[in-house]
Amino acid sequence: MPTQTDFELIFLGTVADIDIVETGDGSVAENAADLLGTYGSAGSPLFEQQYNAFTTDGNDDGIILEDGEGAAAAGDTLTVLDTDGTPFVFEIDSTAGFFGTVTYADGATESAGFGIIQDNGGNIWLLPTSNAASFNTKAIESISLDTVAQDNGAGLAPAGLTSTEFVCFATGTLIATPDGPRVSTQ
Ligand SMILES: [Ca+2]
Ligand SMILES: [Ca+2]
Ligand SMILES: [Ca+2]
């Protein structure tokens, strides 16, 4: 019976496919290094790019397979909910790990490892787990991906994602709303 796992993702952008060879390559994302760079800024912080998502483990084996590793046959999918709740269903195209730096909204920084997935629509998503100590307790302004740590992930194990959430907003941050700016009290 398929298992649904809910978690959060941060949207980093839509870029060219980093997994350009799908079969016979040990699931290597050949162009993972294309993702090196900085995502988010003070004016366009990542904490405003947070989406609810869930995986559906169609064959209930604990792994959400990538498209080239049998996702369709297994019935493994990634669903991202748009801000109005509209679901977009993808297959995971690739998974990759990076070393880099996270900068929080309060200006603090930490060096850490990060997990990234690309869906088969080309979208790049930051996973809600990291060994950065404040990753899930401070609002994230930006991250830099400096080196590729792993480019041969063959899928996503969602069990570790459920208990982790991103912090939405820094206390006292002005948030643009349709009714004008307001102060977050979270
Ligand atoms: Ca490949
Ligand atoms: Ca599966
Ligand atoms: Ca792939």
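Two strands count as paired if DSSP finds at least two bridges between them. Helices (H or I, at least four residues) and strands (E, at least two) are DSSP runs, numbered from the N terminus. One bridge to look at here joins Y39 to I143 in strand 10.

Before going on, a word on ground rules. This is a predicted model, so local features need pLDDT of at least 70, side-chain atom pairs count only at pLDDT 80 or more, and totals for chains, interfaces and linings use all residues. Residues are numbered from 1 along each chain as its sequence is written, with chains lettered from A and ligands numbered from 1 in the order in which they are written.

Now the overview. The protein chain has 1 helix and 13 strands, and from the N terminus the elements run β-β-β-β-α-β-β-β-β-β-β-β-β-β. Of the contacts with a separation of 6 or more, 70% are between residues 24 or more positions apart. A contact here means that two C-beta atoms, placed from the backbone, lie within 7 Å.

Strand 8 then makes a hairpin with strand 9, with 3 residues between the strands and a positive phi of about 90° at G122 in the turn. Strand 8 and strand 9 are antiparallel too, with 4 bridges, and F114 faces S130 in strand 9.

What about the inside? Buried residues are 37% of the 186 in the protein chain. Buried means 20 or more other C-beta atoms within 10 Å of the residue's own, exposed means 12 or fewer, and partly exposed is in between, with C-beta atoms placed from the backbone. The largest nonpolar core has 41 residues, and I10, I116, W125, L126, L127, I140 and I143 have the most contacts inside it. Such a core is a set of buried Ala, Val, Leu, Ile, Met, Phe, Trp, Tyr and Cys residues joined through C-beta atoms within 7 Å. Elements giving two or more residues to this core include strand 1 (3–14), helix 1 (71–74), strand 8 (109–119) and strand 9 (123–130). Strand 7 gives the most, with 5 residues. As a general point, nonpolar side chains in soluble globular proteins tend to be buried together. Setting aside neighbours within four places in sequence, W125 contacts L9, I10, F11, L12, I116 and I117.

P158 lies in the loop between strand 11 (155–156) and strand 12 (174–175). Is P158 buried or exposed? P158 counts as buried because it has 23 C-beta neighbours inside 10 Å. Beyond four places in sequence, P158 touches T5, F7, T55, D57 and I64. The C-alpha atoms of P158 and I63 are 7.0 Å apart, though 95 residues separate them along the chain. A42, in the loop between strand 2 and strand 3 (50–57), is exposed because it has 10 other C-beta atoms within 10 Å. From A42 to T103 is 61 residues in sequence and 9.7 Å in space, C-alpha to C-alpha.

Last, confidence. The mean pLDDT, the predictor's confidence in each residue from 0 to 100, is 89 for the protein chain, and 89% of its residues reach 70 or more. Over residues 170–176 pLDDT stays under 50, and the model has 15 contacts beyond four places in sequence for them. Residues 180–186 also stay under 50, with 14 such contacts. Thanks, everyone!
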